[in-house]
Amino acid sequence: MFNQHRMALVIGCAVAMQSLVWGEYVFLKDGTVLRGRVLREGMIHRDPASGNVVWLADTQGFYLVADGARRIAFSHKNVHLAISDPSPSQSLQAFRLPRQLNVFNVSPTLNRVPAFTEIGPWVVSERPQVNGSRVLRGEFLSGLTQRVQYITSVTPEAVLASTSEIRWTAAYRPDEFDRPTLLSILRQHLRSRKPPLSPWDQGISLFRFALQTGWLEEAEAELQKLRDCPEASTESLVEMERQLRQAQAEHISRRIEWAYSSGQYQLVEDLLQQFPSAYASEKALRTVRTVQVQLQDRRRALETTKTLLERVGQQAPDPFAAALQEIAANLNLDTCGRLDAFRRLALQEERLRQQGKSPQLTAQHLLALAVTGWLVGDRLAEPNPEIARQLWREREIVQQILLHDHPRERLELMENLRNTRSQDVDLIVQLLRYLPPPRAVYSPPADLVTQTTLSPSRQKYLVKVPPEYHPYRRYAVLLVLPDAGQDERVAAEPWIKPAAEHGYLLAVVPWAGAIQSTYRYSAAEQQPVLEVLRDLRRRYAVDVSRVFVFGLGEGGSLAFDLGMSHPDLFAGVVVMCGRPGPHQNAYWTNAQYLPFYIVEGEMDGPKRDGNPPANEGPAYWRALFRNWVQAGFPSLYVEYDGRGREFFAGEIPDIFFWMGRKRRSATPWELGRPQVLGDLGNRDFVGVRPEEDRFYWLSFSNPPGNHRVAARITEGNRIQVRTSANLRRLSIWLNTELVDFGQNIRIQLLVPNKVWELRAQPDVRVLLEDFYQRGDRDQLFVARLDLEW
């Protein structure tokens with residue numbers, strides 16, 4: 001087990017942990033920061049001859065960070081830096097609530113936390129033995145269906161709760177509690193202490209706890225109460241206010257950063273008004289000032305661009321009327337950068353005119369800059385009216401192609417597009433990157449609403465757009481997969497506020513049947529999620545490099561299986577109390593570029609029929625994670641002490657912090673290690689179903705189940721491929737990031753040994769058909785090579 005408190009000193013060995021550093025910071029390479037007591041798995045060995053006990057490090061064991069409520073396992077290969085806290089903070093405010101629990105050595109030990117049939121509310125009472133308790137009903141032990149749970153310890157990092165007459169302690173994070181309730185429990189505890197504490201001392205304890213926990217509004221309320229205490233010290237009040245204002249400044253600076261990065265500019269303005277700059281640290285001040293300057297620059301650029309566009313458009317309105325109308329309707333703080341070249345040269349022309357000099361560019365040339373910049377970006381803007389008109393016509397054809405669901409109609413339009421072009425497909429690639437969604441929703445409802453996919457299956461799902469949404473900015477997506485039998489709106493509720501704060505488009509996908517209780521690891525169950533993802537790409541401005549999927553319980557099992565089956569679709573997968581399932585040993589290498597964030601309860605017992613170990617969830621995840629750790633895969637495993645199969649609300653802030661540092665690896669050059677297919681230490685990509693027919697830039701036509709592939713692209717347009725024997729054909733998708741189309745491409749199939757020397761040409765039909773099918777703006781492929789042997 002991970003828990004360092006569960007060591008058994010017996011002849012032989014038992015799993016244990018050794019404390020390496022206390023209060024350490026671990027900085028991972030992706031920017032994730034872990035803080036706590038760093039541990040390492042190891043073994044305790046007793047020498048039969050001498051009887052001496054020796055701790056032996058497990059060189060292949062996990063590194064862990066324990067913070068009081070949970071342990072976080074990570075790969076040391078992903079560590080950038082680990083240091084002790086250079087400036088240790090003041091001691092944490094701790095509360096010990098005395099209890100008479102009647103737990104003895106002979107008391108039964110709870111091996112798994114049951115599925116509770118009823119969870120009562122936490123009680124606030126003047127009676128010390130009742131205050132901070134709740135009633136739980138479920139099959140604890142044979143014949144024992146009800147227990148009272150008592151809070152025994154509270155710190156800003158963890159709340160511990162135990163039960164009477166059973167050896168069971170569960171750890172929670174304070175954010176899992178209703179804040180007023182937990183503070184009331186602590187207040188009643190302080191009032192009942194012997195000898196009694198003064199109101200001033202009680203208030204200071206609650207203020208420190210709220211401040212250290214990050215409950216700043218509650219800390220403000222406690223500080224206000226302290227001001228009314230007769231024994232209030234002015235010096236102490238000033239110091240407490242300084243600490244609170246500093247914490248508020250740090251919090252608001254982070255929110256300003258989030259809001260700006262997610263395009264919530266009105267919220268940025270509101271937060272700037274609240275920012276207590278007099279108390280802010282240098283780092284917070286730099287962050288806020290940087291955002292403030294950037295926002296002011298953008299606003300000035302937007303107003304200048306609007307003025308110049310209107311003025312120049314009056315001089316030559318006819319040739320670009322439709323384009324100018326679209327630009328004027330959608331020009332905002334996010335899109336004005338597309339017209340930077342137009343703005344710079346239009347200002348230059350104004351200066352020349354004011355100096356009495358002849359203009360270098362006509363109004364039509366300037367408008368061509370605006371139109372081409374709008375269509376393909378500022379870097380490729382051209383002051384050529386003919387190119388601007390051609391690009392606008394091509395963009396209209398592309399939009400028609402993406403709206404036609406019949407393949408023959410799309411092909412005819414693609415031929416029309418090919419006939420209009422004398423250049424390569426590079427500009428079409430840029431057109432696609434700047435294009436609004438094919439069936440864009442321009443004014444979506446602000447609330448969580450039910451939507452139906454455009455596919456024949458008419459799959460229903462819930463969706464909520466972030467504040468200040470518009471279809472010309474790309475937004476991260478969080479797909480939520482409920483537990484089997486869970487109401488979709490209940491599943492969405494914990495995510496609505498944080499998704500809005502961080503600028504995520506939130507979608508909840510009902511995947512299970514009406515009476516379905518488990519995930520069956522089938523492609524049919526994955527299909528609703530894949531359809532919803534494609535529908536989101538067609539309707540909303542999705543940042544395809546930042547699509548995440550979260551699943552709870554059986555939905556977590558689906559999230560894991562979906563990520564392993566289609567690792568090129570997601571930037572990260574979050575699994576809470578799911579199971580890795582029957583294929584974990586077959587396709588664990590598919591996670592080499594896809595990060596996972598696994599959350600489990602230490603005592604999560606079985607849900608399915610049969611008689612697996614009581615802690616089957618953690619046991620399965622640890623076995624899988626051991627492979628990931630040794631391979632250095634970028635994943636985390638979080639395990640809560642004494643907890644079972646439940647929703648861990650306290651993880652939500654950390655999950656968003658983790659997701660904020662992740663982007664999908666769109667076109668990695670190396671897909672596994674083709675020289676060692678199937679050998680120990682391999683990195684093959686494995687499909688366990690025929691529907692798993694694509695991994696990044698490799699695809700297969702009607703593959704069998706249990707197929708393997710590994711490939712890599714090296715300098716000189718050389719591609720090595722190795723497949724399992726049951727694969728006899730594959731397709732290689734290419735773009736200018738992977739190969740040089742001006743040279744031959746040498747493809748070597750390692751087993752059987754076969755070599756192709758080919759010349760690939762970019763084809764607009766390949767580009768647009770693939771984009772129609774997948775809607776992926778980052779993985780844009782312009783050529784496909786079909787191989788068979």
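In this predicted model, the lining of the second largest pocket is made up, by class, of 17 charged residues, nine nonpolar residues and seven polar residues. Altogether 33 residues line the second largest pocket, and those that lie nearest its centre are Arg534, Asp693, Asp770, Gln773 and Arg774. The space in the second largest pocket comes to about 960 Å³.

Which helices and strands each supply at least two residues of this lining? They are set out in the table, with the residue range of each element.

| Element | Residues |
|---|---|
| α14 | 523-539 |
| β27 | 729-734 |
| α19 | 764-774 |
| β30 | 783-788 |

Of the elements that contribute to the lining of the second largest pocket, α14 gives the most, with eight residues.

Turning to the whole protein chain, its secondary structure consists of 19 helices and 30 strands. The radius of gyration of the protein chain is 30 Å, which is close to the 28 Å that the globule rule gives for 789 residues, so the chain is as compact as a globular protein of that length.

Of the 789 residues of the protein chain, 53% count as buried, and the accessible surface of the chain comes to about 34800 Å², of which 49% belongs to carbon and sulfur atoms. Among contacts between residues at least 6 apart in sequence, 67% join residues that are at least 24 apart.

Terms used: Residues numbered from 1 in each chain as written. Predicted model: local features only at pLDDT ≥ 70, side-chain atom pairs only at ≥ 80, totals over all residues. Heavy atoms only, no water. 1 Å grid on protein atoms, 1.4 Å probe; cavity = no way out; pocket = protein on both sides within 12 Å on 5 of 7 lines; lining within 4 Å. Points joined across faces, edges and corners; volume = space filled by probe spheres on them. Helix = DSSP H or I, 4+ residues; strand = E, 2+ residues; numbered from the N terminus. Nonpolar A, V, L, I, M, F, W, Y, C, P; charged D, E, K, R; others polar. Rg over C-alpha atoms; globule rule 2.2 N^0.38 Å. Buried < 20%, exposed > 50% of the residue type's maximum accessible area, 1.4 Å probe, protein only. Contact = heavy atoms within 4.5 Å. Areas by Shrake-Rupley, 256 points an atom, 1.4 Å probe, with all protein chains shown as cover.
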